[in-house]
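The following exercises ask the reader to work through helix packing, sheets, domains and a chain contact in turn. Each task is followed by a worked solution.

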Amino acid sequence: MIKIGLREARSHFSRFVMSIIAIALGVGFVVGSFCFREMLNNQVDQMMASNMDADVYVRGDKAVSDDGSSSSQNTYNDISISLTDDVSSLSGVKSAKVTYSVSGLVLVGKDGNAVATVGAPTLGIGISSAEPWRSASLTQGSYASGKDEIALDSYAAQKADLKVGDQTTLVYPDGPRTVKVSGIFHTSNSQAGALIIGLDPTVAKASSDALAEDPNVTQYIAVYGSANGGTALDAAQQSALADTINNSLPASSKARAVTGDTIRDEQSQSVKDSLGFIQPLILIFAIIALFVGSFIIANTFSMIVRESMRGYALLRSVGASPGQVFATVIVQAIVLGIVGSLAGIGLGWGMVKLIAEGMSQIGSPLTGSSNPTWRDVIIALLVGVCVSLFGAALPAKHASLAPPLQAMNETVNPEKPTRLRAMLGGIMCILGIGCWVFTVMLADNKDGLTPWKTVNDMNSGWPLGVGAALLVIGFIVLSPALVTGVSRVLGSLPSVFFPVTGKLATRNLARSKRRTANTAAALFVGIAIVSCLGVVASSAKASVAGIVDNGLKSEFVAMASGGMGVIPDAAVDAVKGVDGVKSVTANKLLQHVEYDGKSSTASTVTTDSSLFTDVFTPANTEGDPTKALKNNEMVVAKNTADDHGWAIGDRIEVSTDLATVKLTVGAITSDATFSSSIIIGHTEADKLVVPQMQRTTAMYISTTKGADLAKVKKDLIAAVKPYYVISVMDRDEFKSTISSMVDQIMLILYALLALSIVIAIFGIVNTLALSVSERTREIGLLRAIGTGKGQVRGMLAIEASMISVFGTLIGLLVGSAAGVVIQKVYASQGLETLSVPWGQLIVFLFMAILVGVLASLPPARRALKVPVLDAVASE
Amino acid sequence: MALHSSRETEQRRQLEARSRRRGGSPDTAEADGTALGATVAQAIDLTKTYGDKDAVVTALDHVNVEFKRGQMTAIMGPSGSGKSTLMHCMAGLDTPTSGKVIVESLEVSSMSQKELTKLRREQIGFIFQSFNLVPTLTAEENILLPLQIAKKSIDRAWFDRVVDVVGLRSRLTHRPSQLSGGQQQRVACARALMARPSVVFADEPTGNLDSKSSSEVLGFLKSSVSQYGQTIVMVTHDPRAASYADRVLVLADGNVTRDMQHPSYDEILAVFSDDDSAPDDGNASGDEVLS
């Protein structure tokens, strides 16, 4: 029986191609997601190994809870840098040092422009021949000495097109400076696009100290052991050295030595955790692909089983048991699963290689291994084989149990009624809608919606997510019951233009409702995700535009590195000096601020009172924010005040490592512009956080009345030119900058949508192919009574289009509704304006029609290849 | 030889039938001037072989035959005699290996797919043994389907007449699955006649029916010939069905062995008992009858 199965698998191979592609895509996504995660992890490990390469680290002995963030990394108390000398004098210690690094540098390349990175930082590290970095080796020139020299990592040198001896500009935190490239060094692995600049250790220390709250403390002291003559210690040597150091450290130092491996593991784990969201995102699409895959396999096997029925009947009549017939089909499924999985492993591997290649093209080279592990291969094979077994099980059962006589019978058994599914799906959908209604009510009315406090305080993400899951699954369950009605409605339009073929197509859809619905489901899920995000993205853009148009009073906005960098104080002063500037409001972010001993999800900002007069006047406010700031009181966003249960006049204990002050809530604004923020005045801010640590994220520039805006803009641009990465935008540019940031994110989603559409096309092609194979005689009959080839093609194209439009419509409906609910939930946090991208949604609909027409081509060709005579001949 | 002999008899029938006209309704005879008894379809030196060099099967061996307007012709013969192949070639469903098929002065054997579709829309109607109806359409929709496919206007008066003759008025809104086998075949007949084709090819139209349903269907086909001058070519192996025909052609081994005009049931039966006992001398007995 196995032999028969294998032989049939070989003869059916062309039939299996589509199933194999589907399985390969699904498995490819699975493998790709694992490989991608492993590549990132590997990269992180490598970077940790080279960038934190000490054998032992000395750090604080007490973990300080870290702002309640989800990161697995704890922050420890700072230790005195004076310990460095004590530790380096111990036996077995080659050197102990505090490695100073300076972030927020800007390197100017040979072409006179700042060297751009893709999200990666430009990092200055103290490094000299006396204090070398174990993972770096000098290849040319010498390490930097003094503030006017820099050494470059080979990648940075290549990006900046700089050679040893070249003059260029480096923007230090305190301003730009002309520097000479003194040397080029090489690190053992890529830094994921980060630009590493070697600074004189004293320069690095000075720069770092200038930004530190207390220059006499540090988080870590790096200790290098001497046991192996300068090279890295193994695990046992590391812990021996750590013990030695611990024994010598007095309890009063509040310090503790831990092995380098421990630190590296902790560090890389926290980075890995923060990248962990990527894999589930990819897996969603893997699930869609596998769902369609199993469905395609079921269809393919139904076709094969239908065509081989006589063979099975013969096997049965010569004594084969139903189990043996079952086995012949299952063997084919296993072969298919294995072939598909292997192809998928290659595909996933290739995808990740391609991504790595693409990343290095756009400036983020990764040296992490992207090869699948044995575990990945086994998981991939298991997934592929299980999915194809799952798909083949029903047709195989049909093959083994059908009475031999039925072999000849063309008629397809009538479908089971869909009433049960309709009820089940309907209930799920109603529950889902209920969840969403509850979500919106919860967002609108934080207090007193229900008598239960826990319910009122619930994060609205929960009912939102549960509702979405219920609706998606509910619609998949319900959809077969919708097919008849929907196809009648959808069919009315093509029936106007193509009376006969339109009618035939419409009725054909309702023949196998489950199949039609399942085929549409693939598109449904993909379209739902994308249209939901489309509504959210479009609302985000509209909200920003709305704020800019309706509230923003200042004429110009300046940001560093697209909003992600820090603006040096010198740049703020430079801007203030421009002619025609009335006021510059610089918003400075304060980090690690606690309220009544608790951290807050809101961001704490200090700014000038001109924020409320010259930049943005909040509309719905309790209290007077301008007066509040002048009186050294806090201005709090409504949602933040609600979270903490604050009211005007409450006195709050605000604390940082440095100080604790008591502040009064002076005003509460429900304006979305200020959502999730706590604004305090400069006086109090300076007590809490040293001025160097207050990071300016954006500045708003208002001009004097009657100023020549074009000239002011030119002057502003000239004023910030020396800082290279600061861009000055007028209102329109500001809007388009924000919307292009949103568009970039959407681009990635469209790529995933394209993949899910490809998969959906396979599904439709396959469903139609099965349907055509079942209707061979019917199509033959139609052609015998004069139906032209074009009409048969048209009929199938209409059927396919209706399937894809069906899936797209439900997807648009559920997805847009989800987008609307999300907008309502986050309305108080900045997503103020609802904007449905109608044009985009309509494009999706037309795309669905196109997809249908495309998908109908191969089955139509197949249907027309059968000679009329073969189809209608009675024997 | 068969061609010659049949031509003489046909000329006789032509004279008899000259006064009748082909047309939809007897009271308003169509004025296309096509005389009854003229040749509607014709096979010239038709040969059809299957298989390759090593194993050639000859289904039709230089067959010459003509079908006259306003006649019902039954093609009979044992399995493998080539009767179905002949009909398929005549109807353009199969392409002959050599020879010509001409329907309404059009050469079917050399037609492209597009021309064949046009031929099926305008000149030919089909009735198959089974699976005649599109399962998703009602009886009425099935009957009107050929006209709608061809985008022709629907003659409601003719539709009513056809429906009344086949006795399906009360069943028009039913789906094929709700109809009996006999009713399904009557719908198929009505559909074939609806477009008033030059010739209706029927492939074992009563093959799956009980005797009562068979006689209903055959009676209806017969009346469409006698009342409306419809031309019908029917393949059957049932002598009872063949006895409804004006003319019976008998095929054996790819040759026309007999061409009988208005044979009675007993005559047909007699031929087949002969054929069964001595199938090889079919040619000889054929000559005997025709002379």
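## Exercise 1: Two helices of chain B

Helix α6(B) passes α7(B) in a right-handed crossing. The model in which this crossing is found is a predicted one.

**Task.** Determine how α6(B) and α7(B) are oriented to each other, and state which residues make the contact.

**Solution.**
- Step 1. The two helices cover residues 181–194 and residues 211–228 of chain B, and they pack at an angle of about 15° with their axes 9 Å apart.
- Step 2. Angles under 35 degrees count as roughly parallel. Helices α6(B) and α7(B) are therefore roughly parallel to each other.
- Step 3. From α6(B), the contact takes B:G181, B:G182, B:Q185, B:R186, B:C189 and B:L193, while α7(B) supplies B:S213, B:E216, B:V217, B:F220, B:L221 and B:S224.
- Step 4. Sorted by class, the contact of α6(B) with α7(B) has 5 nonpolar, 5 polar and 2 charged residues.

## Exercise 2: Two helices of chain A

**Task.** Carry out the corresponding analysis for α1 and α10 of chain A, beginning with the angle and the axis distance.

**Solution.**
- Step 1. Helix α1 (residues 2–11) and helix α10 (residues 322–361) of chain A pack at an angle of about 50°, and their axes are 8 Å apart.
- Step 2. This angle makes α1(A) oblique to α10(A).
- Step 3. The crossing of α1(A) past α10(A) is right-handed.
- Step 4. On the side of α1(A), the residues are A:I2, A:I4, A:G5, A:L6, A:E8 and A:A9; in α10(A) they meet A:A327, A:T328, A:V331, A:Q332 and A:V335.
- Step 5. By class, 7 nonpolar, 3 polar and 1 charged residues take part in the contact of α1(A) with α10(A).

## Exercise 3: The sheets of chain B

**Task.** For the open sheet of 6 strands in chain B, give the strand order and identify the edge strands.

**Solution.**
- Step 1. The order of the strands is β6-β7-β8-β3-β9-β10 (chain B), and the pairing is mixed.
- Step 2. The edges are held by β6 (124–127) and β10 (255–261) of chain B; each has a single partner strand, so one side of each is left without a neighbour in the sheet.
- Step 3. From one strand to the next, the twist averages 20°.
- Step 4. Within this order, β3 (residues 72–76) and β9 (residues 247–252) of chain B run parallel and are joined by 4 bridges. B:I75 stands opposite B:L249 in β9(B).

**Task.** Describe the open sheet of 4 strands in chain B in the corresponding way.

**Solution.**
- Step 1. The strands follow the order β2-β1-β4-β5 (chain B), with antiparallel pairing.
- Step 2. At the edges stand β2 (57–68) and β5 (106–107) of chain B, each with a single partner strand, so one side of each has no neighbour in the sheet.
- Step 3. Strand β4 (residues 98–103) of chain B is joined to β5(B) by 2 bridges, and the two run antiparallel. Opposite B:I102 stands B:E107 in β5(B).

## Exercise 4: Domains and strands of chain A

**Task.** Locate the domains of chain A and describe the contact between them.

**Solution.**
- Step 1. The domain assignment of chain A gives domain 1 (99–219) and domain 2 (566–724).
- Step 2. Taken over C-alpha atoms, the centres of domain 1 and domain 2 of chain A are separated by 32 Å.
- Step 3. Domain 1 of chain A contributes 12 residues to the contact, and domain 2 of chain A contributes 11 residues.
- Step 4. On the side of domain 1 that touches domain 2, the elements giving two or more residues are β12 (175–187) and α5 (201–211) of chain A.
- Step 5. That side of domain 1 has 8 nonpolar, 2 polar and 2 charged residues.

**Task.** Trace how β12(A) is linked to β11(A).

**Solution.**
- Step 1. The strands β11(A) and β12(A) pair in the antiparallel sense over 6 bridges.
- Step 2. A hairpin through 2 residues joins β11(A) to β12(A). A:Y172 stands opposite A:G175 in β12(A).

## Exercise 5: Contact between the chains

**Task.** State how many residues of chain A and of chain B are in contact.

**Solution.**
- Step 1. The contact involves 22 residues of chain A and 22 residues of chain B.
- Step 2. On the side of chain A that touches chain B, the elements giving two or more residues are α15 (499–509), α24 (776–784), α25 (789–825) and α27 (868–872) of chain A.
- Step 3. By class, this side of chain A has 10 nonpolar, 6 polar and 6 charged residues.

Note on methods:
Residues numbered from 1 in each chain as written. Chains lettered and ligands numbered in written order. Predicted model: local features only at pLDDT ≥ 70, side-chain atom pairs only at ≥ 80, totals over all residues. Contact = placed C-beta atoms within 7 Å. Nonpolar A, V, L, I, M, F, W, Y, C, P; charged D, E, K, R; others polar. Axes fitted to C-alpha atoms, helices over the stretch in contact; angles between N-to-C directions. Parallel < 35°, antiparallel > 145°, perpendicular 65-115°, else oblique. Left-handed = near helix turned anticlockwise from the far one by under 90°. Pairing = 2+ DSSP bridges. Domains from an automatic or database assignment.
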